[in-house]
Amino acid sequence: MIIILWSCNNSKNTERTSTSYPNGGSELAWLMRDATDQMEAQKKAILNGDSINKLLLDVNHILTAVPTEEGKTTSPAYQAMAKQFLEHVGQQEQIPLEGQVEFYNATISQCINCHESQCPGPNVRIKKLYILE
């Protein structure tokens, strides 16, 4: 019985940690951190002249991810911006190589617009993702 209880407790421990983020974070915080890493990979690809069409953002659960502050993701403003963002990134596979810088920077702009009203702290880091032409 002790082994069963121990395994159940361990299976519920899904909090992620890393040396960069020793305090862990919510599901939404990790989604955003992962998205930042993915955007950095896209930026590198673009700067190398490669296509980003295979480097799709994995943000499909942006509407349902558990936030750090309860209720943050249920506000009408957040829901509208997240849906618009999902629609935007859903078009990425269709963007030709010559339009990828513009598309990428528009993606970054959507991140900044949402963060300005919902959680402004990360905007300093997000702005560094822009590709300056």
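Mentor: Let us begin with how elements are named: helices are DSSP runs of H or I with at least four residues, and they are numbered from the N terminus. The model shown here is predicted. In it, E93 is placed in the loop between α3 and α4.

Trainee: Which residues does E93 touch, leaving aside those up to four places away in sequence?

Mentor: Contact means heavy atoms within 4.5 Å. On that basis E93 touches N53 and L56. The C-alpha atoms of E93 and K54 are 7.2 Å apart, although 39 residues separate the two along the chain.

Trainee: How do the axes of α3 and α4 cross?

Mentor: Angles over 145 degrees count as roughly antiparallel. The axes of α3 (residues 76–89) and α4 (residues 100–118) cross at roughly 170° and come within 10 Å; the two helices are therefore roughly antiparallel to each other. On the α3 side the contact involves A77, Y78, M81, Q84, F85, H88 and V89. Residues of α4 in this contact include F103, A106, C111 and C114. By class, the contact comprises 9 nonpolar and 7 polar residues, with no charged ones.

Trainee: Which residue forms a salt bridge with R125?

Mentor: A salt bridge requires a side-chain nitrogen of Lys or Arg within 4 Å of a carboxyl oxygen of Asp or Glu. R125 pairs with E40, and their closest N and O atoms are 3.6 Å apart. Since R125 belongs to helix α5 and E40 to helix α2, the pair ties together parts that are 85 residues apart in sequence. The count by this rule is 1 salt bridge.

Trainee: What lines the largest pocket?

Mentor: Its lining consists of 33 residues, with L28, M32, H115, C119 and P122 nearest the centre. The helices α2 (27–47), α3, α4 and α5 (123–127) each contribute at least two lining residues. By class, 21 of the lining residues are nonpolar, 8 polar and 4 charged. The space in this pocket is about 760 Å³.

Technical notes:
Residues are numbered from 1 along each chain as its sequence is written. This is a predicted model: local features need pLDDT of at least 70, side-chain atom pairs count only at pLDDT 80 or more; totals for chains, interfaces and linings use all residues. Side-chain values use heavy atoms; hydrogens and water are left out. Axes are lines fitted to C-alpha atoms, for helices over the stretch in contact, and angles run from 0 to 180 degrees between N-to-C directions. Angles under 35 degrees count as roughly parallel, over 145 as roughly antiparallel, 65 to 115 as roughly perpendicular and the rest as oblique. Ala, Val, Leu, Ile, Met, Phe, Trp, Tyr, Cys and Pro count as nonpolar, Asp, Glu, Lys and Arg as charged, and the others, Gly among them, as polar. On a 1 Å grid over the protein atoms alone, a cavity is a set of points where a 1.4 Å probe fits but cannot get out, and a pocket is an open set with protein on both sides within 12 Å along at least five of seven lines; lining residues have an atom within 4 Å of a point. Grid points are joined across faces, edges and corners, and a volume is the space filled by probe spheres set on the points.
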